[in-house]
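Student: I'd like to learn how to read a model with several chains. Could we walk through one together?
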Amino acid sequence: MSKEQEKGMSLIVKVITPFTVGLILLYGIYIVLHGHISPGGGFAGGVIIALSFVHLMLAYGKEVALKKLPRKTISFFESTGALLFLSIALIGFSGGYFFLNFISKGEKFRLFSAGIIPFCNIAISLKVGAGLFAIFIALVLLKFEWEKKE
Amino acid sequence: MIELYILLVLMIVGAIVAIELKDLLSAVISTGAVGLVLSIVFLIIKAPDLAITQIVVEMLCFIILLRAILKKDLPFSKTDSWLFNTFVAAGFIAMFLFVAVKAFKDLPEFGYPIMRVANIYLKEGLAKTGASNLVSSIILDFRAYDTLGEATILFTAVIGVLTIVRRIGRKKKDEIVEEDDE
Amino acid sequence: MIIYLLCLMLFCCGLYCILVKRNIIKIILGITIAEYAVNLFFILVAYRMEGRAPILSSEVEIVNMVDPLPQALVLTSIVIGLATTTMLVAIAMRIYEKYGTFDITKIKELKG
């Protein structure tokens with residue numbers, strides 16, 4: 001029974017999934033980028049991006065998902081997100097104080113306004129998304145290990 | 001405001017159902033329902049950021065809980081000494097309720113908060129940061145230290161989970177250790 | 001005031017579940033319900049009658065908004081709650097692997 005589970009779900013789900021995975025990923029990126037204009041922000045967008053990869057893994061089984069996003073890449077993205085956030089904060093240090101908003105504010109209500117806030121949103125979304133997907137992969141792999149032993 | 005009361009009563013009913021059911025799968029689904037109603041309550045309270053975050057986080061939590069309980073059910077057997085435990089817990093909760101009701105009398109009335117710091121954020125948020133979403137401007141410009149702390153907590157949680165599920169360390173010294181879930 | 005008491009009743013349901021139940025997964029569900037109640041309480045304190053969501057718009061001038069500060073704090077609290085729940089689930093799965101049961105009274109008896 002665990003071999004069927006590894007292969008994924010039924011045929012209907014496998015046909016629909018290529019369309020919905022792309023839509024969910026695009027929706028997550030939209031919520032992250034518009035975090036300073038409409039509700040959302042880095043955390044919600046990051047979780048949605050992680051959910052799109054989880055959807056891919058639930059439909060096809062873990063081998064296909066791990067081929068799309070191998071483990072080294074997941075840890076690379078998570079560390080990049082954290083270091084990017086810290087470096088944006090430290091660059092503000094040179095101007096005055098920690099987390100100084102050094103990029104120009106721009107006009108209101110446009111996509112390229114509000115200083116460092118869009119970059120911080122992108123960094124946080126990378127970190128949260130990659131971290132939560134790594135947790136999910138680790139828990140699922142542990143489960144399959146001890147099911148095979150029984 | 002009547003819909004707020006109805007939704008809160010629905011949440012309490014859902015929580016009681018989740019506690020008392022013997023089947024684990026139904027209990028997890030009931031907790032998922034409580035989270036969904038909470039997201040709707042956040043929308044009615046005019047907090048759209050939180051509604052989006054709550055519903056997607058609750059979906060992920062639900063998936064992880066389901067993965068943990070698949071194929072394991074709950075053989076439940078009560079012994080007699082557990083009745084004493086229930087009475088002590090009920091007594092403790094009654095005392096906690098009594099003290100909390102006394103403390104709630106000092107809160108401002110529902111709907112009229114004291115917004116001493118938040119008034120400054122509301123007036124000067126757009127001019128000082130340039131962001132129209134004031135909650136984003138608070139978490140990423142006025143109070144960015146808290147966000148840095150939260151990013152650290154998430155990182156620590158990921159490292160913690162990956163350490164708990166590792167397989168290395170359970171083999172003897174002369175066996176060849178193979179990493180099958182690195 | 002009644003609405004604060006309803007929120008407190010939800011927290012007490014979660015607390016009862018943590019104290020009395022014997023299955024680890026039920027304890028984790030109790031912790032989740034208590035967490036929902038605490039986040040809800042913060043946002044209920046921050047509500048203003050006839051207030052609007054704290055997002056400015058370019059066409060209309062909005063005068064009274066709800067309090068945005070507790071919303072910023074609860075946003076991070078929700079994601080942190082997810083992280084701690086996943087750690088609890090990982091520990092619970094390891095305990096099942098070692099002892100073969102989720103019952104906390106049996107875990108105390110088997111040594112090793």
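Student: How many residues of chain C are in contact with chain B?

Tutor: Residues count as in contact when their C-beta atoms lie within 7 Å. In this predicted model, 62 residues of chain C touch 70 residues of chain B.

Student: Which helices of chain C each supply at least two residues of the side that touches chain B?

Tutor: Take helix 1 (2-20), helix 2 (24-45) and helix 3 (69-99) of chain C. Helix 3 gives the largest share of that side, with 21 residues.

Student: And what classes of residue does the side of chain C facing chain B have?

Tutor: Sort them by class and you get 48 nonpolar, 9 polar and 5 charged residues on the side of chain C that touches chain B.

Student: Okay, over to chain B. What pattern does chain B follow along the sequence?

Tutor: Start with the elements: chain B has 7 helices and 0 strands. Along the sequence that reads α-α-α-α-α-α-α.

Student: Into which domains is chain B divided?

Tutor: Domain bounds come from an automatic or database assignment. Here domain 1 covers 1-72 and domain 2 covers 118-170 of chain B. Taken over C-alpha atoms, the centres of those two domains are 24 Å apart.

Student: What share of the residues in chain B is buried?

Tutor: For burial, you count neighbours: 20 or more other C-beta atoms within 10 Å makes a residue buried. Of the 182 residues in chain B, 34% are buried.

Student: And what about contacts within chain B?

Tutor: Look at contacts between residues at least 6 apart in sequence: in chain B, 34% of these join residues at least 24 apart.

Technical notes: Residues numbered from 1 in each chain as written. Chains lettered and ligands numbered in written order. Predicted model: local features only at pLDDT ≥ 70, side-chain atom pairs only at ≥ 80, totals over all residues. Helix = DSSP H or I, 4+ residues; strand = E, 2+ residues; numbered from the N terminus. Buried ≥ 20, exposed ≤ 12 C-beta atoms within 10 Å, placed from the backbone. Contact = placed C-beta atoms within 7 Å. Nonpolar A, V, L, I, M, F, W, Y, C, P; charged D, E, K, R; others polar.
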